[in-house]
Amino acid sequence: MGKPGISNTYQTSTRDRPLCAIRIRAAAGNPRRGWLTAGGLTIPVALGRGGILANKREGDGGTPRGTFRPRQLWWRADRHARPRTFLPVRAIRPEDAWCEDPGDRHYNQPVRLPLDRGGDRLQRDDHLYDFIVEIDHNIQPRIAGRGSAVFLHLARDNFGPTAGCVAMTRSAMLRLLQRIGPETKIVIE
């Protein structure tokens, strides 16, 4: 007879569950760069040109301080295979954009725009938005002028500052996507 105890038939590895939290901090001596730590990962990131700000405003270039949740992953299906993630996933279409106009009723929301109309397009020629993790910054309540389009996305080759997002390499993004879900806390300190 076997020993009495807990069956391991239904046990799952921690890698088979989403992370509880990820933390993002500015690097010492450089407020435009930082570190993301999560479940044993430490990832270099680019931050907003204004550093991490407690009082985020539209156009200030700051990455908002606070605790957020990821909402969904947007990805360029025409460039990459669908990544493994616990998040809801949506392919980026040519008409997908983000409203950054505080005077618009769709402020800080995804919108669909005709191709001949301007706007912050999610389908970009560069690769910065090939993977976008939409976070719940300034969502409930949505306050005009408090910042919009704050994402986790891909970094420039030189890790140049963002307009207020958190950016990382493609390989780091793919590793992180495998570990985050809708309940993962994103703590920006």
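Analyst: A residue counts as exposed when its relative accessible area is over 50%, as buried when that area is under 20%, and as partly exposed in between. The model is predicted. With these limits, Glu183 is exposed, because its relative accessible area is 60%. The side chain of Glu183 forms a salt bridge with that of Arg69, at 3.9 Å from N to O. Arg69 is in the loop between strand E6 (66–68) and E7, while Glu183 is in the loop between H1 and strand E15 (185–188), so this pair ties together parts that are 114 residues apart in sequence. Arg69 itself has 27% relative accessibility and therefore counts as partly exposed.

In total, the structure holds 12 salt bridges. Some of them join into a network that links Arg90, Arg93, Glu95, Asp96 and Arg112. Arg93 counts as partly exposed because its relative accessibility is 29%, whereas Asp96 is buried, with a relative accessible area of 1%. As a general point, side chains of opposite charge can pair when their charged atoms come close.

Definitions and conventions:
Residues are numbered from 1 along each chain as its sequence is written. This is a predicted model: local features need pLDDT of at least 70, side-chain atom pairs count only at pLDDT 80 or more; totals for chains, interfaces and linings use all residues. Side-chain values use heavy atoms; hydrogens and water are left out. A salt bridge is a side-chain nitrogen of Lys or Arg within 4 Å of a carboxyl oxygen of Asp or Glu. Helices (H or I, at least four residues) and strands (E, at least two) are DSSP runs, numbered from the N terminus. Buried means under 20% relative accessible area, exposed over 50%, partly exposed in between (1.4 Å probe, protein chains only).
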